[in-house]
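I opened the notebook to look up how the ligand is held and how the chain is laid out. My entries follow.

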Amino acid sequence: MAQDPDCIFCKIVAGELPSLVVAEDDDTVAFLDVNPATPGHTVVIPKAHHRDLLTIDDDALQATLATARRVAATASDRLDAVGINLVNNCGAGAWQTVFHFHVHVIPRYEDDPLRLPWVPTPGDRDEITATHARLTA
Ligand code: 5GP
Ligand code: ZN
C-alpha cells in the first residue's frame, strides 16, 4: 500500500500519530478533525496515500465515499445533526492543506456558524455557454 513518510495522514494510518477513529475498514479510516468546523467534523481517508481528487483511483475513491456516507449516517443518528456537508478541497488553490486525499464530513446544526462560501447569483448566459463549449469541445 502506497505510503508517504512525510504525510501526517499516512502517519495517522500507521499509528505514529494519535487520532480519534470513528470508523475503519481494510481500505479507509475516519477520524475526528482537530480543528472542527462543527462538533463531529470528521476526516475520511483512504489508507493508501493518494494526493488528491485528481490522482486517486476510482476504487479508493469509492471506498472513501462509502465510509464517508457511513460516518454521515452515524453523525445524523448520534449527534442529532440537521444535515451533513461533504467537502473535498483539491489543490492549494482550493484550500487543500494536507495532500493526502480526504473528504470532510461536517454535521450541521441549527444556528451553527457555517455559511455557503459563495453567493448564488444568476450568471452571464454568454459566459456560461462559452464555458460549456470549453468543457465539451
Ligand atoms: P484540508 O484543508 O486539506 O481540506 O483539510 C485538512 C484537515 O486536516 C483540516 O481540517 C485540519 O484541521 C485537519 N488536520 C490537520 N492535521 C491533523 C491532525 O494531525 N489530526 C487530525 N485529526 N486532523 C488534522
Ligand atoms: Zn499520506
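This is a predicted model: local features need pLDDT of at least 70, side-chain atom pairs count only at pLDDT 80 or more; totals for chains, interfaces and linings use all residues.

**Entry: the shell**

I sorted the shell around ligand 1 into eight nonpolar residues, six polar and one charged. I then asked which of the 15 residues around ligand 1 come nearest. They are Asp33, Asn35, Asn89, Thr97 and His104.

**Entry: polar contacts**

I looked up the oxygen atoms of ligand 1. For Asn35, I found a polar side-chain atom 2.7 Å from a ligand oxygen. For Asn89, a side-chain N or O atom is 2.8 Å from an oxygen atom of ligand 1. Trp95 uses its backbone: an N or O atom there lies 3.0 Å from a ligand oxygen. Next I checked the cover. On its own, ligand 1 has 520 Å² of accessible area, and the protein covers 83% of it.

**Entry: the site**

Which elements give two or more residues to the shell? I found helix 1 (8–13) and strand 2 (28–32). Helix 1 gives the largest share, three residues.

**Entry: the chain**

I counted three helices and five strands. Along the sequence I read α-β-β-β-α-β-β-α. The C-alpha atoms fill a box of roughly 50 × 40 × 20 Å along the principal axes. Of the 137 residues, 34% count as buried.

Notes
Residues are numbered from 1 along each chain as its sequence is written. Chains are lettered from A and ligands numbered from 1 in the order in which they are written. Side-chain values use heavy atoms; hydrogens and water are left out. A residue is near a molecule or strand if one of its heavy atoms lies within 4 Å of it. A polar contact is a pair of N or O atoms within 3.5 Å; within protein, one must be able to donate a hydrogen and the other to accept it, and residues adjacent in sequence count only if both atoms are side-chain atoms. Accessible areas come from the Shrake-Rupley method with a 1.4 Å probe; for residues, only the protein chains shown count as cover. Helices (H or I, at least four residues) and strands (E, at least two) are DSSP runs, numbered from the N terminus. Ala, Val, Leu, Ile, Met, Phe, Trp, Tyr, Cys and Pro count as nonpolar, Asp, Glu, Lys and Arg as charged, and the others, Gly among them, as polar. Buried means under 20% relative accessible area, exposed over 50%, partly exposed in between (1.4 Å probe, protein chains only).
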